Amino acid sequence: MKWYLLWVLSLWSVALIDLSRSEDVFEELIAEEIFPSYLDEEAVSPGANSLMVPLTLIPGAVSKGAVCLDGTPPGYHFHRGFGSGANSWVIHLEGGGWCNTIRSCVFRKTTRRGSSKFMEKQLNFTGILSNKPEENPGFYNWNRVRVRYCDGASFAGEGYDEANQLYFRGQRIWSAAMEELMSKGMRNANQALLSGCSAGGLASILHCDEFKGLFPGTTKAKCLSDAGLFLDATNVAGGHTLRDMFEGVVTLQGVQKNLPSSCTSQKDPTLCFFPQNLVSNIKTPMFLLNAAYDAWQVDQSLIPSIADPHGLWHDCKVDRLRCNTSQIKFFQDFRNQMLSAVEVFSQSNQNGLFINSCFAHCQSELQPTWYENDSPRVGNKAVAVAITDWFFDRTAVKAIDCPYPCDKTCHDLVLK
Ligand SMILES: *[C@@H]1O[C@H](CO)[C@@H](O)[C@H](O)[C@H]1NC(C)=O
Ligand SMILES: *[C@@H]1O[C@H](CO)[C@@H](O)[C@H](O)[C@H]1NC(C)=O
C-alpha cells in the first residue's frame, strides 16, 4: 500500500496544473518533483526480480529540433524482444501531466518531465513492460520500449518561446522516437502495440493512426490508452478545470496543428484535445483501459482544491465510506459521462474496453494492477488478460463493470 501512495504522490506533483497559484504549494511541489520519494525507495532495494533498463538519448534528435522543454535531447528505454516475440513491439508513452502556462513550463524544465538532464538513468520494467511470462503473459518476449515524456503537451506541441527559452516540440519528439525505433528494428515488426498511460494515454489516442501508418498493411498494429480518457467534466463548483487547463496547453504549446482535422474542422481546438471528441474517429483498433472513477480526475478535475475551498469534499475524497448520497451520485454521474463518451467507440468490433469501477489511475504499468493473483478484474478477467485477448483477437472485450461499490478487486489509490 505504501508503494502506491508514494507513487501517486509523485504522479500528482507532476500533474501540477497551476490551479493553485499559492507559492507554498508551488515550492512543495518543486521539492517533491526533484526528490521523488518513491524512487529513493526503489534505489535502496533493487529486488532480484527487477529488470532495470537504461535510458538512451535519441541521437540526432537535437539537430531535428526534437528536444525536451529545456532543449536537451529526448530519450527512451528499450529492452529487446526474443523468441517468438523478436518481431513484435510494444511502445509505451510515459505520462506525467501537462504544462499550461509559461510559469508551469519553466518549472517543468527543472524536472525529469521537461529535461533529460533530470531523467532517471534506468527504469524498472514492470507490468506491460515486464519480460516475465508470469507477469506479462501477452507481451513479455516482445521488444518493449518506454518513451520518456519531456514536452508537457502529450507529445503533440510545436513551437518555441524565445523569451523563456521553452521548446514546445512534442510532435517532433514523437517523430524522432518513431524514426529511432524503426532503425532499431521496428520497421520489421509484424505486430505492434502503441500504449501509454495518463498524458501518455492521451498521446496514444492522438498518435494512434499515425502509428499504424508507419507500417505496411500486413503489420497488425493497435493502440492502447491507459487512463487517458480525460473527460470534459464539470467540477464540484460548476467550473471546467480540465477544459481551462487544456486550453492553456493547446494554445501555449501550438498543439492545434497536430490535432485531427476531422475534429478541428468542427470544434474548438481545445475540445479536440479531449478523447471523447476523438476516439470514435480513430481508424486503427484501439483499447481504452480506464477506471470509471479515475483517481487523477477525481482529485484534479472534479474536486481540485480550488473548487472546494471549504474542504466540504475532503473527507469523501480521501475515504469513499464518508461520502454522502449526493456525493456518491456525483461520482456515478461522472461514470455515466465516461460510458456515454465511449458509446459510439464501443460499437466497433475492432475496439476494446475495460472500464472498472475503481478509484485508480494507470493500471498497465505496475505489476499489482496489471497481472497478479489479486489484481483488478472484470468478469474474472485481469487487465493483462483482457488486453491480450483483444490484441490477439481471441474474443471481443467490452468489459464494463457494475457501478461502485460492487467491485471488490480494486487497487484504489489513496488520495491526500
Ligand atoms: C521492479 O518491479 C518488480 C515487479 O513489480 C518488483 O518486484 C521489484 O521490487 C521492482 N524493483 C525495484 C528496484 O523497484
Ligand atoms: C453532502 O455533502 C455535501 C458537502 O458537504 C453537501 O453540500 C450536501 O448537501 C450533502 N448532501 C446530503 C444529501 O447530505
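Select ligand 2 and the side chain of Asn324: in this predicted model, an oxygen atom of the ligand is 2.3 Å from an N or O atom of that side chain. Taken alone, the ligand exposes 360 Å², and 45% of that is buried by the protein.

Now show the whole shell. Which residues surround ligand 2? They are Leu312, Asn324, Thr325, Ser326 and Gln327. By class, the shell holds one nonpolar residue, four polar and no charged.

Move on to the helices and select residues 325-341, helix H11. Angles of 65 to 115 degrees count as roughly perpendicular, so H9 and H11 are roughly perpendicular to each other. The crossing of H9 past H11 is right-handed.

Two backbone stops remain. Most residues other than glycine have a negative phi, and most peptide bonds are trans.

For the first stop, select Phe155, in the loop between strand E5 (143-147) and strand E6 (159-161). Phe155 has a positive phi of about 60°, although it is not a glycine.

For the second, go to the segment after strand E14 (398-400), where Pro405 is found. Select Tyr404 along with Pro405: the peptide bond joining Tyr404 and Pro405 is cis, with omega about 5°.

Note on methods
Residues numbered from 1 in each chain as written. Chains lettered and ligands numbered in written order. Predicted model: local features only at pLDDT ≥ 70, side-chain atom pairs only at ≥ 80, totals over all residues. Heavy atoms only, no water. Near = heavy atom within 4 Å. Polar contact = N/O pair within 3.5 Å; in protein donor to acceptor, adjacent residues only side chain to side chain. Areas by Shrake-Rupley, 256 points an atom, 1.4 Å probe, with all protein chains shown as cover. Nonpolar A, V, L, I, M, F, W, Y, C, P; charged D, E, K, R; others polar. Axes fitted to C-alpha atoms, helices over the stretch in contact; angles between N-to-C directions. Helix = DSSP H or I, 4+ residues; strand = E, 2+ residues; numbered from the N terminus. Parallel < 35°, antiparallel > 145°, perpendicular 65-115°, else oblique. Left-handed = near helix turned anticlockwise from the far one by under 90°.
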